Amino acid sequence: MTTRFSRRLSLRLVAGVAVTLSSLLMSGCADANTHVRVPETRKPLAPPVNADNQRFADWLTEFRLEAMKAGIRPQTFDRALAGVGPDEDVVAADQNQPEFVKPVWEYLKGALSDKRVQRGQAALAENKALLDRLEKAYGVDRHVIVSIWGLESNFGDFMGTQSVVRSLATLGFEGRRPDYGRTQLVAALKIIQAGDVQPEEMLGSWAGAMGQTQFIPTTYLAHAMDFDGDGRRDIWHSTADTLASTAHYLEVSGWETGGHWGYEVTMPAGFDYALADMSLTKSVGEWSKLGLKRADGRPFAATDAQAGSSLFLPAGYKGPAFLVLKDFKTILAYNNSTSYALAVSLLADRFRGGGEIRGAWPLDERPLSRSEREELQTLLTAKGYDHGKADGIIGYNTRKAIRSYQASIGLPPDGYPTSSLLDRMRAK
């Protein structure tokens, strides 16, 4: 937490004063080129109590002009930002990366709970007519649509409780990515101005994701749909709009109608694990010639023989393996997390009575913490395996460096960072 937010009580008591001052100074503006004037009949407001609020008031005045240039009407801005001040909890969430993450098998255990599966199956039955129309309109598998709905908000039960406007104003003012905050706040104001939702009802996460399937405002503007025909795109209250918006987003992201997300597979002895890279694509037929087989013993679908696919090892060579196709990668466009895409895919299969994983998870391993990932990167560089900056992010270059190191010590080069690998690097 930055020291400028240490005075929590005073910030919250006077934040509204700062915003009100900005609104009064700008209320005479009809567009971005109008001169700013203070009406002579108004008594001047008392200045902000401290420098923190003055900084926010100055930022808000500047941003108000930016918003009006983007087409936001003054009354929309004043209505949405009335009484809004920075949210120090948002600043804390933005500036503090989590040190620890769940192992993928623990994440999947929660995502694929029996209760969620049962609720999803009930939702499929209750919304059959709607889902029939959605499949016809967008070509997206209903089970995947409902799976995303279940994972994003537990079928609309948990959409987030934070003001999206306040969160985005905070990120634009004080966040690590101020351009993101400003861009998303303008988009949020456009949604409010269109009459789709009132500011006080625009609730979501600290980062601005909102509604039953957690769209950020720019995604909403591009892909939200009014499927119930009431003149509003409402992903907070309308099931039809929510699921149609999700289906439309997947459709334009490249969803392949009638396709399949992928298969759990097994590899032959001596398999080259360097091929287990999501950036490498081969046809299912080519993978089959390399010895990959479906874990359930059935043959690959003939229609998938020429389909492009990648080998995905969510827990390294010791865990289950998956051959993922185009629709899996389309889900990544919705949320760029392979664990999330796997959860969506398996949950959709669970709704149909499948989705069981046959391979065993390496329960003796654990994901590295953020500081341990940075340490591993530092050790890789020290051993001559350059990957760039030691930032704790395991991207393509770091996985490539890990593979080179694993190969040098006789381990399968899967590029997966583990606690046992870090221990070996420390020992040497």
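Let's start at one residue, N154. N154 is buried, with a relative accessible area of 19%. The cut-off for buried is under 20%, so N154 counts as buried. Where does N154 lie? In the loop between α8 and β1, and β1 covers residues 162-163. Now the backbone. N154 is not a glycine, yet its phi is positive, about 55°. Most residues other than glycine have a negative phi.

Before I go on, a reminder: this is a predicted model.

Is Q214 buried or exposed? Buried, at a relative accessible area of 17%.

Let's step back to the whole protein. There are 18 helices and seven strands. The chain has 428 residues, and 50% of them count as buried. Take the contacts between residues at least 6 apart in sequence. Of these, 68% join residues at least 24 apart.

Next, the cores. How many residues does the largest nonpolar core have? It has 80. L81, L189 and M202 have the most contacts inside it. Which helix gives this core its largest share? That is α15, with nine residues. There is also a second, separate core of 16 residues. V265, A276, V284 and F300 are among its members.

Helix α6 runs over residues 114-126, which makes 13 residues. From first C-alpha to last, α6 reaches 18 Å. That is close to the 18 Å expected at 1.5 Å a residue. Which residues of α6 are buried? They are R116, V117, G120, A123 and L124. Look down the axis of α6. The buried residues fall within an arc of 125°, so they line one face of the helix. What do they pack against? Four helices: α5 (104-111), α7 (128-138), α8 (142-153) and α15 (338-351). Now go to the face turned away from the buried side. There α6 carries the exposed residues D114, K115, Q118, A125 and E126.

On to the rings. The structure holds 19 aromatic pairs. One of them is F63 with F77, a tilted pair. The centres are 6.0 Å apart, with 40° between the planes. This pair links distant parts of the chain. F63 is in helix α2 (residues 51-69), and F77 is in helix α3 (residues 74-81). They are 14 residues apart. F63 is buried, at a relative accessible area of 0%. F77 is buried too, at 1%.

Compare that with F271 and Y273. Their pair is edge-to-face, 5.6 Å centre to centre, with 85° between the planes. F271 counts as buried at 10% relative accessibility. Y273 is buried as well, with a relative accessible area of 14%.

Which residues do ring pairs link into a cluster? F56, W59, F63, F77 and F173.

The charged end of R177 sits over the ring of Y180. It lies 4.5 Å from the ring centre.

Key
Residues are numbered from 1 along each chain as its sequence is written. This is a predicted model: local features need pLDDT of at least 70, side-chain atom pairs count only at pLDDT 80 or more; totals for chains, interfaces and linings use all residues. Side-chain values use heavy atoms; hydrogens and water are left out. Rings of Phe, Tyr and Trp (its six-membered ring) pair if their centres lie within 6.5 Å; planes under 30 degrees apart count as stacked, over 60 as edge-to-face and the rest as tilted. Helices (H or I, at least four residues) and strands (E, at least two) are DSSP runs, numbered from the N terminus. Buried means under 20% relative accessible area, exposed over 50%, partly exposed in between (1.4 Å probe, protein chains only). A charge sits over a ring if NZ of Lys or CZ of Arg is within 6 Å of the ring centre and within 35 degrees of the ring normal. The expected span of a helix is 1.5 Å times one less than its number of residues. The arc is that of the directions from the helix axis to the C-beta atoms. Contact means heavy atoms within 4.5 Å. A nonpolar core is a set of buried Ala, Val, Leu, Ile, Met, Phe, Trp, Tyr and Cys residues joined through side-chain atoms within 4.5 Å.
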